[in-house]
Amino acid sequence: MKKTVKALAVLALLNTCAYAQEQDSTKVNSLQEVVISDTKFAQRKEKSGKVIEVITALDVAKKAGQSLATVLSQVTGVEINGNQSANGKNLGYYIRGGKNRQILILIDGIPVTDASGISIEYDLRLLPVEQVERIEIMKGAASTLYGTGAATGVINITLKKAAKKEIQGNAYLNIGSNNTANNHHYNGQDFNQGLSVGGEFKKVNYFAGFNSTESKGMSQIAEPNSTSNYENDSFSRQNLLTKLGFKVTNNLSLDFFGNYDKIKNDYDGTFDNTDFNDTDTNITTSEQLRFGFSPKYKYRKGEFVLNSGFTKITRDYNELNTFSNTVDYSVYDSRSVVIDGFNKYNVSKEFLVILGTNYQYNDMNSNTPFSSIENENTTINIIDGYTTLVYNSDYGLNVNAGARLNNHSAYGNNFVYNFNPSFNFKTSFPLKVLASYSTAFVTPSLYQLYSEFGNSDLTPEKNVTIEAGFETELINKKVKLNAVAFYRDQTNAIDFYFDPVTFDAFYINVNGETKAKGVETSLNIALTSKLQLNGNYTFTQVDKALDRLIPKHKANASIGFQPTTRTFLSLDYQYFNARNDAFFDGTTFGVVTTKLDSYQLVNASIKYELIKGRMTIFGAATNILNEEFVENIGYSTRGRNFRIGLNIIL
């Protein structure tokens with residue numbers, strides 16, 4: 001068995017990869033593909049100075065039954081910790097040694113955050129993957145274009161849009177088991193269903209979608225032994241998404257959106273090695289309301305876009321107080337406003353200028369048994385001006401350079417910039433080489449500034465990223481290879497300080513620097529029009545201060561086969577190297593560090609189109625080897641599970 005594990009790991013590390021595509025698979029992810037994340041406007045990948053990972057609608061469809069977190073965790077350089085745990089467990093996002101607050105998430109081009117959170121990160125559990133149309137992942141510092149939070153990466157999620165017909169409906173249902181490696185209950189425990197309708201009529205387009213998810217069958221906290229009988233922690237989610245667009249003229253379009261998302265789940269006490277963490281009392285809900293307006297105007301030499309959005313998030317917790325044996329109630333409310341106006345002006349065929357102004361407003365209030373925060377005392381305003389210059393020559397040289405001046409109501413001004421050249425060689429095969437030097441910042445959160453542990457003198461964390469790499473296509477675009485090496489330096493980090501003698505506790509900026517470096521590479525091979533191999537490998541090395549839950553080596557590999565136009569089969573493999581973790585031990589009252597073993601997962605799926613263009617069924621098996629592994633110390637993970645589903649287009 002050990003030889004088999006080593007062989008599989010080596011196979012993954014060598015990028016022997018896979019999954020099948022349609023007849024035009026050799027064109028997917030090619031250098032001719034259009035991306036938007038590195039300029040905010042559409043341009044071909046060959047002119048971009050970044051290696052941007054793209055998950056298309058076709059890719060999402062082939063991963064039917066997977067969560068958004070699981071889909072993202074298969075991308076080169078991305079780790080979503082918790083995607084294999086109970087559905088209600090908090091997620092950790094990791095890119096290039098950076099965690100949640102250093103990774104900016106966009107929905108339809110608009111930054112989303114939870115302003116009441118300690119690190120203001122957005123909760124990806126709120127989004128069902130069935131409402132996702134496309135995802136772009138751009139790694140590296142990107143604050144010049146996107147502002148605070150874009151320190152190690154940007155995840156740009158595009159939600160589904162109107163169909164090109166006057167009206168088109170979609171309904172889907174899938175049912176699966178929800179077991180740990182020690183449970184074998186293969187009845188329905190995880191249900192996901194939804195429907196949508198959309199279309200275009202003359203100058204109006206519209207879309208409305210509803211999704212509902214319910215699951216049970218797993219305890220969030222892991223059972224310490226086989227005789228334990230922990231209660232199951234349920235999870236439910238409801239999502240309503242609406243979009244309305246109006247094409248006023250050939251040059252002017254108006255787009256409106258609104259969505260409501262709610263999750264509710266049971267949860268256990270934080271693992272502390274006492275075996276008293278399981279409880280049926282703790283319940284939390286999180287509700288999100290978002291709406292916004294995005295007009296776009298095209299003129300002869302350019303285009304102007306105004307993205308605006310309002311977000312209100314409410315989180316509450318009913319949690320057992322083990323000291324008083326009563327239930328504590330806590331509630332957190334936040335409001336966020338984002339207005340981002342930017343203009344692209346084509347000075348010439350080779351040279352364009354992007355000018356933008358970004359405004360953000362955040363406030364929060366909270367009420368807990370320990371403290372209260374009023375929103376009139378906890379607000380921040382951010383006004384940034386930014387510019388990006390883009391040069392695309394006829395002979396292959398491309399340059400993206402920009403700067404941003406950040407003005408924050410708490411700490412004043414901050415300046416960031418980037419320089420990103422790339423070159424496309426005009427040879428017998430496409431080859432793009434690239435390099436970049438970019439800076440980024442992460443502002444302190446409202447909680448870090450104004451809570452009972454707050455420090456109003458905090459200044460932003462700063463990051464510098466240097467990267468170099470290449471992207472190429474060989475053998476008539478049947479082989480695609482890219483690789484990027486990066487080095488990241490982080491200074492002025494925000495951390496929590498506690499004095500065990502005086503019991504003083506507050507947030508501080510940490511003197512000194514921490515570093516991360518690594519390599520990200522992926523390889524795609526279309527052996528035939530029916531068989532494709534894909535894979536990726538990520539090496540990440542970080543300083544001790546950052547070294548928690550980040551695998552030094554991670555690899556994804558899969559093979560897919562499409563024997564007919566209606567049938568698709570895939571076999572996937574994931575390898576996760578050992579990781580460090582830490583927890584507070586309730587028996588010794590100290591922080592304990594521990595090493596989590598490496599693990600591997602093997603998954604398989606099959607999809608068949610019963611009625612061409614109308615009805616599709618799928619089946620999936622995950623963790624086929626039923627490997628018992630740990631994502632976070634003390635918490636459950638999924639064992640072997642099965643899922644079946646049906647998708648109907650009306």
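Two strands are counted as paired if DSSP finds at least two bridges between them. In the predicted model described here, strand β4 and strand β5 (residues 92–95) meet this condition, being joined by four bridges and running antiparallel. Within this pair, N81 stands opposite G92 in β5.

β4 and β5 belong to an open sheet of three strands, in the order β4-β5-β6, with antiparallel pairing. The edges of this sheet are β4 (78–81) and β6 (98–99); each has a single partner strand, so one side of each is left without a neighbour in the sheet. In general, strands of a sheet pair through backbone hydrogen bonds, either parallel or antiparallel.

A second open sheet has five strands in the order β3-β9-β10-β7-β8, and its pairing is mixed. β3 (53–55) and β8 (110–111) are its edge strands, each pairing on one side only. Inside the order, strand β9 (residues 132–139) is joined to strand β10 (residues 153–159) by seven bridges, and the two run antiparallel.

Across the pair, F584 stands opposite V591 in β34.

These strands are part of a protein with five helices and 37 strands. The radius of gyration is 24 Å, close to the 26 Å that the globule rule gives for 650 residues, so the protein is as compact as a globular protein of that length. Along the principal axes, the C-alpha atoms fill a box of roughly 70 × 60 × 50 Å. Of the 650 residues, 54% are buried. When contacts between residues at least 6 apart in sequence are considered, 62% of them join residues at least 24 apart.

The surface and the charges were also computed. The protein exposes about 28,000 Å², and carbon and sulfur atoms supply 59% of this area. There are 64 positive and 65 negative side chains. The centres of the two sets of charges lie 12 Å apart.

Notes: Residues are numbered from 1 along each chain as its sequence is written. This is a predicted model: local features need pLDDT of at least 70, side-chain atom pairs count only at pLDDT 80 or more; totals for chains, interfaces and linings use all residues. Side-chain values use heavy atoms; hydrogens and water are left out. The radius of gyration is taken over C-alpha atoms; the globule rule is 2.2 Å times the number of residues to the power 0.38. Buried means under 20% relative accessible area, exposed over 50%, partly exposed in between (1.4 Å probe, protein chains only). Contact means heavy atoms within 4.5 Å. Accessible areas come from the Shrake-Rupley method with a 1.4 Å probe; for residues, only the protein chains shown count as cover. Lys and Arg count as positive and Asp and Glu as negative; His and the chain ends are not counted. The place of a charge is taken as NZ of Lys, CZ of Arg, CG of Asp or CD of Glu.
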